[in-house]
Amino acid sequence: MAQARVKARAPRGESVFGERFAVFAECLLTGVWIFVACLGVVTYPAALAAGARHLRRRTAHQAGGLREFARDFRTAVRGGWIVGLAGWAVAGAVWTDVLAVRAGLPGGPLVGAVGVFALIGAVVALLRAAAVWTPGAAWRVLLADAGRRTVLDPAGSFLLVCGPAVVAMSAWFVPPLAVPVLGAVAAAAVAVETRYRHR
């Protein structure tokens with residue numbers, strides 16, 4: 001009888017709502033960490049990878065915080081800065097295509113459309129690669145595999161197109177809101193990759 005009373009008085013676990021709200025709050029905090037880590041201009045792939053790994057730890061109920069995020073970022077940036085530099089080069093090429101369209105050059109609209117779609121595909125592949133990054137993983141292999149998943153999983157890729165669109169809209173209407181939303185984009189990439197593995 002006494003044991004039954006002790007069990008009845010034992011503290012209850014966190015509610016489902018409480019747990020989900022905690023994950024949402026962690027996403028917003030992670031967005032701030034990602035933003036700060038992106039200030040190196042070419043460090044955004046490493047920042048996304050470290051943020052995604054932090055959120056994977058959080059959803060798996062593993063310990064980890066800013067110190068672990070910083071350690072993952074330092075590891076990911078070793079090869080990730082080259083990916084970041086290549087990303088800016090791709091964005092510059094697409095901007096050149098857009099300028100060609102505006103100048104009315106022959107074939108400009110077609111070249112511009114191809115360039116924009118290529119940029120969108122590259123962003124989705126980068127998000128998917130960052131979502132599965134682990135220390136020791138080669139960025140070249142991650143991006144090649146992510147490129148295949150981008151094509152083979154159009155539904156997941158479409159969801160990841162919406163993520164950066166939300167960030168862009170947030171930055172347009174309420175600029176400070178774009179910072180924490182970066183964590184939600186990383187969380188979406190993790191969710192899409194988890195869905196792909198379990199389908």
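Visitor: How many of the 16 residues of α3 are buried?
Guide: In this predicted model, twelve of the 16 residues of α3 are buried, so the helix is largely enclosed by the rest of the structure.

Visitor: Which ones are they, in α3?
Guide: The buried residues of α3 are Tyr44, Pro45, Ala46, Ala47, Leu48, Ala49, Ala50, Gly51, Ala52, His54, Leu55 and Arg57.

Visitor: Let's pick one residue. Where is alanine 52 found?
Guide: Alanine 52 belongs to helix α3, which runs over residues 44–59, and alanine 52 has a relative accessible area of 2%, which is under the 20% cut-off and therefore counts as buried.

Visitor: What is alanine 52 in contact with, leaving aside its neighbours within four places in sequence?
Guide: With those neighbours left aside, alanine 52 is in contact with Ala130, Ala131, Ala186 and Val190. Alanine 187 is 135 residues from alanine 52 in sequence, yet their C-alpha atoms are 6.4 Å apart in space.

Visitor: New topic: how many aromatic pairs does a search of the whole structure find?
Guide: The search finds two aromatic pairs. In one of them, the rings of tryptophan 33 and phenylalanine 69 have centres 5.4 Å apart and planes at 50°, so this pair is tilted.

Visitor: Which helices do tryptophan 33 and phenylalanine 69 lie in?
Guide: Tryptophan 33 lies in helix α2 (residues 16–37) and phenylalanine 69 in helix α4 (residues 66–103), so the pair ties together parts that are 36 residues apart in sequence. Tryptophan 33 counts as buried at 14% relative accessibility, and phenylalanine 69 counts as buried at 4%.

Visitor: Why is the pair of tyrosine 44 and tryptophan 88 edge-to-face?
Guide: The planes of the tyrosine 44 and tryptophan 88 rings are at 85°, with the centres 6.1 Å apart, and planes over 60 degrees apart count as edge-to-face. Because tyrosine 44 lies in helix α3 and tryptophan 88 in helix α4, the pair ties together parts that are 44 residues apart in sequence.

Visitor: Is tyrosine 44 buried or exposed?
Guide: Tyrosine 44 counts as buried, at 17% relative accessibility, whereas tryptophan 88 is partly exposed, with a relative accessible area of 48%.

How values were computed
Residues are numbered from 1 along each chain as its sequence is written. This is a predicted model: local features need pLDDT of at least 70, side-chain atom pairs count only at pLDDT 80 or more; totals for chains, interfaces and linings use all residues. Side-chain values use heavy atoms; hydrogens and water are left out. Helices (H or I, at least four residues) and strands (E, at least two) are DSSP runs, numbered from the N terminus. Buried means under 20% relative accessible area, exposed over 50%, partly exposed in between (1.4 Å probe, protein chains only). Contact means heavy atoms within 4.5 Å. Rings of Phe, Tyr and Trp (its six-membered ring) pair if their centres lie within 6.5 Å; planes under 30 degrees apart count as stacked, over 60 as edge-to-face and the rest as tilted.
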